Amino acid sequence: YPMGDSFLAAVQSYRSGLPAITIGQWLTHKLGIEFGLPALPYDFTADKSVYTHLGIARENAICVLYQPDKPRRCSEMIGEFISIMRMVAPELTIYVYGSDNSLGMRDSHIVERGVIPVDECARLYNTCLAGICISSSNPSRIPFEMMACGLPVVDIYGENTLYDYCE
């Protein structure tokens, strides 16, 4: 939670002696260091019946998760990244997905897909060269779904991601 009532209520719950369950190792570490609270972690997973490497040819394309309604997704950074990529690699197709809010960029190499079903996500992950999924909090399961499809993932290199990504 951002600083405010909900944040303070959450912090108080960490001090109440209740058992904690987390998804991912970073939150387990954080609860232990900041509150002395042991937690039972569960690893991030991907449904292998949906997210699997299909062995199909990859396009000269990347996919970028864009969710401006979620501050942790750093939508301003994503917009700047896309602008830079258009200058550095003008032939690269950039598939933007995850929100029906438009980036507002008019460019034939930027394809806005909006919110798409999981089977289309899996297909997208199998056809791109890399996936961009930024999270300034703990990672989400989306990068793990990308990796299950054989897609290299770009995320923030920070304490919030180092505990959960593989080498």
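Predicted model: local features only at pLDDT ≥ 70, side-chain atom pairs only at ≥ 80, totals over all residues.
Visitor: Which residues is Ser137 in contact with, leaving aside its neighbours within four places in sequence?
Guide: Contact here means heavy atoms within 4.5 Å. With the neighbours within four places set aside, the residues in contact with Ser137 are Trp26, Arg72 and Asn160.

Visitor: And with which side chain does the side chain of Ser137 make a polar contact?
Guide: A polar contact asks for a pair of N or O atoms within 3.5 Å. The pair here is 3.4 Å apart. The partner is the side chain of Ser135.

Visitor: How far apart in space are Ser137 and Tyr97?
Guide: In sequence, 40 residues separate Ser137 and Tyr97. Taken from C-alpha to C-alpha, their distance in space is 20 Å.

Visitor: Moving on to the rings, are those of Phe44 and Phe144 stacked or edge-to-face?
Guide: A pair of aromatic rings is described by the distance of the centres and the angle of the planes. The centres of Phe44 and Phe144 are 4.8 Å apart. Their planes stand at 5°, and planes under 30 degrees apart count as stacked, so the pair is stacked.

Visitor: Which residue forms a stacked aromatic pair with Phe144 at 5.4 Å centre to centre?
Guide: In this pair the planes make an angle of 25°. The partner lies in the segment after α6 (159–162), 21 residues from Phe144. Ring pairs link this residue, Phe44 and Phe144 into a cluster. The residue is Tyr165.

Visitor: Is Phe144 buried or exposed?
Guide: The cut-off for buried is under 20% relative accessible area. Phe144 has 14%, so Phe144 is buried.

Visitor: Now for charges: which residue forms a salt bridge with Asp107?
Guide: The closest N and O atoms of the two are 2.7 Å apart. The partner lies in helix α3 (residues 75–88), while Asp107 is in the loop between β4 (93–97) and β5 (110–114). Asp107 counts as partly exposed at 26% relative accessibility. Its partner is Arg86.

Visitor: In the salt bridge of Arg141 and Glu145, which residue counts as buried?
Guide: The two side chains meet at 2.9 Å, N to O. Arg141 counts as partly exposed at 45% relative accessibility. At 6%, the one that counts as buried is Glu145.

Visitor: How many salt bridges does the count come to?
Guide: Arg113 with Glu120, at 2.9 Å between the closest N and O atoms, is one of them. The count comes to four.

Visitor: Finally, what is the area of the nonpolar surface patch made by Ile21, Leu40 and Tyr42?
Guide: Ile21 lies in strand β1, residues 20–23. At 63% relative accessibility, Ile21 counts as exposed. Together with Leu40 and Tyr42, Ile21 makes a patch of about 340 Å².

Key:
Residues numbered from 1 in each chain as written. Heavy atoms only, no water. Patch = residues over 30% accessible without salt bridge, like charges linked within 9 Å, V, L, I, M, F, W, Y side chains within 5 Å. Areas by Shrake-Rupley, 256 points an atom, 1.4 Å probe, with all protein chains shown as cover. Helix = DSSP H or I, 4+ residues; strand = E, 2+ residues; numbered from the N terminus. Buried < 20%, exposed > 50% of the residue type's maximum accessible area, 1.4 Å probe, protein only. Phe/Tyr/Trp six-rings, centres within 6.5 Å; stacked < 30°, edge-to-face > 60°. Polar contact = N/O pair within 3.5 Å; in protein donor to acceptor, adjacent residues only side chain to side chain.
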